[in-house]
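Please examine the sequence and the structure shown below. The report that follows treats aromatic residues and helix packing.

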Amino acid sequence: MAQNGVSVENQAGRHQEVGHKSLLQSDALYQYILETSVYPREPEAMKELREITANHPWNIMTTSADEGQFLNMLLKLINAKNTMEIGVYTGYSLLATALALPHDGKILAMDINKENYELGLPVIQKAGVDHKIEFREGPALPVLDQMIADGKYHGTFDFIFVDADKDNYINYHKRLIDLVKVGGVIGYDNTLWNGSVVAPPDAPLRKYVRYYRDFVLELNKALAADPRIEICQLPVGDGITLCRRIS
C-alpha cells in the first residue's frame with residue numbers, strides 16, 4: 001500500500017485496483033523480484049505447475065511464486081518433517097513443501113476439491129515427492145476435531161500452512177494450536193487480504209474481497225493477542241502471518 005513520501009511518479013506505477021496479488025507499490029518492482037531472484041531458482045516442477053495453474057479459471061487462488069520460494073526456504077530452516085496443509089488448490093505450495101521435506105517427510109493435505117489437486121498431481125508425481133503426501137478430500141474441521149479427540153496428534157506437527165476459507169481461520173487456529181508442537185510454526189496466508197485491511201470504505205473492492213475482509217481483520221487481532229504464540233506478519237504474496245508456538 002502507499003507509504004508517506006511516495007512521489008507522483010511512483011504513485012503512477014502503483015496498482016490501480018485493490019485486489020492485485022502483489023502488495024508492492026509497482027508491478028515493475030514485483031517483476032524485478034520474480035525475474036532476478038525467484039524464476040531463475042524455481043525448480044522445474046514448480047515452474048511447470050505454475051504454468052498449468054495459470055490457465056485455470058480460478059488461478060487467483062494459487063500461491064504466488066515468491067511465496068512458494070519463501071515457504072520452501074522456511075521449511076528447510078526449521079528442519080520440518082511432519083507438516084499439514086489446509087487448502088491445496090492445484091498444489092503449488094504443496095509441491096514447494098514436498099520438495100523441501102526430507103525423503104521420509106509427511107504432509108497431511110486437505111481440500112474440498114480433489115479435482116483441482118488432481119490437475120497438479122502428475123507434476124508432483126513426476127517430481128518424485130507424491131509419496132510424502134496424504135490427501136484428504138472434504139472439510140478440514142471434522143478431521144482436526146477427530147485428531148484432537150484421538151489424543152495422539154497433540155504437538156506432533158512441525159509446520160502447518162493454512163490457505164483456505166477465511167471465515168474459518170479462527171476456527172482452524174483454535175484447533176491447530178494444539179496440533180503444532182511447541183517451537184513449531186503455523187502459517188496463515190492472505191492476512192493482508194489484497195491490501196483491503198487498510199482500504200477506505202469506498203475502495204473499489206471485489207465482492208469476495210469485501211466479504212472476507214472482516215474475517216481476516218478478526219484473525220489478525222486474535223493472533224496479535226494470543227499469548228501462546230510469537231507472530232511475524234510479512235507482506236509476501238498476499239500477506240502471510242507466521243505463528244511460532246511458545247506454550
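This is a predicted model: local features need pLDDT of at least 70, side-chain atom pairs count only at pLDDT 80 or more; totals for chains, interfaces and linings use all residues.

W193, by contrast, is buried, with a relative accessible area of 5%. These two residues form an edge-to-face aromatic pair, with 6.1 Å from centre to centre and 85 degrees between the planes. Because W193 lies in the loop between β5 and α9 (207-225) and Y212 lies in helix α9, the pair ties together parts that are 19 residues apart in sequence.

Ring pairs also join W193 and Y212 with Y208, Y211 and F215 in a cluster.

## A buried tyrosine pair

The count of aromatic pairs comes to seven. One of them joins Y169 and Y188: the ring centres are 5.6 Å apart and the planes stand at 45 degrees, so the pair is tilted. Y169 belongs to helix α8 (residues 169-179) and Y188 to strand β5 (residues 180-189), 19 residues apart. Y169 counts as buried at 2% relative accessibility, and Y188 is buried at 0%.

## Helix packing around α5

Two packed helices are described by the angle and the distance between their axes. The axes of helix α3 (residues 44-54) and helix α5 (residues 92-100) come within 10 Å and cross at roughly 175 degrees; α3 and α5 are therefore roughly antiparallel. Their contact is made by A45, M46, L49 and R50 of α3 and Y92, L95, A96 and L99 of α5. By class, these residues are seven nonpolar, no polar and one charged.

The axes of helix α4 (residues 65-77) and α5 come within 8 Å and cross at roughly 30 degrees. Hence α4 and α5 are roughly parallel, and their crossing is right-handed.

Terms used. Residues are numbered from 1 along each chain as its sequence is written. Side-chain values use heavy atoms; hydrogens and water are left out. Axes are lines fitted to C-alpha atoms, for helices over the stretch in contact, and angles run from 0 to 180 degrees between N-to-C directions. Helices (H or I, at least four residues) and strands (E, at least two) are DSSP runs, numbered from the N terminus. Angles under 35 degrees count as roughly parallel, over 145 as roughly antiparallel, 65 to 115 as roughly perpendicular and the rest as oblique. Contact means heavy atoms within 4.5 Å. Ala, Val, Leu, Ile, Met, Phe, Trp, Tyr, Cys and Pro count as nonpolar, Asp, Glu, Lys and Arg as charged, and the others, Gly among them, as polar. A crossing is left-handed if the near helix is turned anticlockwise from the far one by less than a right angle, and right-handed if clockwise. Rings of Phe, Tyr and Trp (its six-membered ring) pair if their centres lie within 6.5 Å; planes under 30 degrees apart count as stacked, over 60 as edge-to-face and the rest as tilted. Buried means under 20% relative accessible area, exposed over 50%, partly exposed in between (1.4 Å probe, protein chains only).
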